[in-house]
Structures are given as structure tokens and as C-alpha cells.
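Please keep the structure open while you read.

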Amino acid sequence: MQGILLQVTRFGFLVLLWLFVYALIRAMRNDLTSATGGRVATGPIKRQRAGRGSRSRGAAKYLVVTAGALANTRITLGAQPVLIGRADDSTLVLTDDYASERHARLSPRGDDWYVEDLGSTNGTYLERSKVTTAVRAPINTPIRVGKTVIELRP
């Protein structure tokens, strides 16, 4: 009887080990696909640009969600700051588990917009750089909040 119990315990441990490996691989794959826009990365991740002129000058008029659950959502910008997060009173309410209640804020200063992280758990990223203070957000530059990517557009 003890021999059978030992074999069942060993088999159960082996199953748990393989489930852990599967979960680890799946999490890594999800991270790779979210960083490359849905494709699995096979080499170094590089952002392709159309050239120096791809970042247009001028005042941003819209905030566009380019990736995530709210993809293709467009918000018209005014003189008021834009609050981003899961809270119901946010300007852009996210249904993203990786976003905080009050995750980030976009604030106008003249013709420029500045993005700042509001002490979120997972951070806010401007292109690939983590935002730690209020940073100027150029037009057409991806801003990542959890799994959601937004851009300012003219």
C-alpha cells in the first residue's frame, strides 16, 4: 500500500512540475507577443519607423488607443489633464488587470503634453523607457499603461 501511495505522490509532483513549466512558458510567450504587437518575437525587438519625419510637430488633438482591449478608441484632447486607470472617474477607463486604479496622467503644458506615472504598480512606459517623473510625450510616440498602448495624434 505504501508503494502505491509513494508512486501516486511522485506522479502528482511530476504533473505539478510540468504545469508550472507550462505556465512559465505561456507567460513568457504573452510578454513577447504584447511587446511585438501580436507577433512572436524571433530576434531582438526593434521598432520600425518611417523615417525622421514620422513624428510630426504641432499640438496633439487626439489620444488614440493603438493596442489593448480598447484599441481604436479616440479621445479629443482639450485643456484638461487626462487621467488613465481603472477608476470609474478616469478619462480613459481601462479594463486591464495590469493597470492601477489611478495609473497615469497626461497634462497639457502649452502645445506639449506631459505623461506622468501616478505611483502605479506596473509602471508607465514612454516608448521603452519607464516614466518616473513628468516627461514630455511627443506625438505618435507609444505610451504603455499595462497592456494598453496609447499615442497622441495631431
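**Notes on a loop and its neighbouring sheet**

1. Let's begin with Gly 78, which sits in the loop that links β2 (74–76) and β3 (82–85). Strands here are DSSP runs of E with at least two residues, numbered from the N terminus. The model is predicted, so local features need pLDDT of at least 70 and side-chain atom pairs count only at pLDDT 80 or more, while totals for chains, interfaces and linings use all residues. Residues are numbered from 1 along each chain as its sequence is written, and side-chain values use heavy atoms, with hydrogens and water left out.

2. Gly 78 counts as partly exposed because its relative accessibility is 47%; buried means under 20%, exposed over 50%, and partly exposed in between (1.4 Å probe, protein chains only).

3. Leaving aside residues up to four places away in sequence, Gly 78 touches Pro 108 and Trp 113 (contact means heavy atoms within 4.5 Å). Between Gly 78 and Pro 108 there are 8.4 Å from C-alpha to C-alpha, and they are 30 residues apart in sequence.

4. Now for the sheet: five strands make an open, mixed one, in the order β4-β3-β5-β6-β9. Each of the edge strands, β4 (92–93) and β9 (135–136), has a single partner, so one side of each lacks a neighbour in the sheet. Two strands pair if DSSP finds at least two bridges between them.

5. β3 pairs with β4 in the parallel sense over two bridges, and Gly 85 stands opposite Val 93 in β4. With β5 (residues 104–109), β3 pairs in the antiparallel sense over three bridges; here Ile 84 stands opposite Ala 104.

6. Which residues cover the two faces of β3? Val 82 and Ile 84 lie on one side, Leu 83 and Gly 85 on the other, and all are buried.

How values were computed:
Helices (H or I, at least four residues) and strands (E, at least two) are DSSP runs, numbered from the N terminus.
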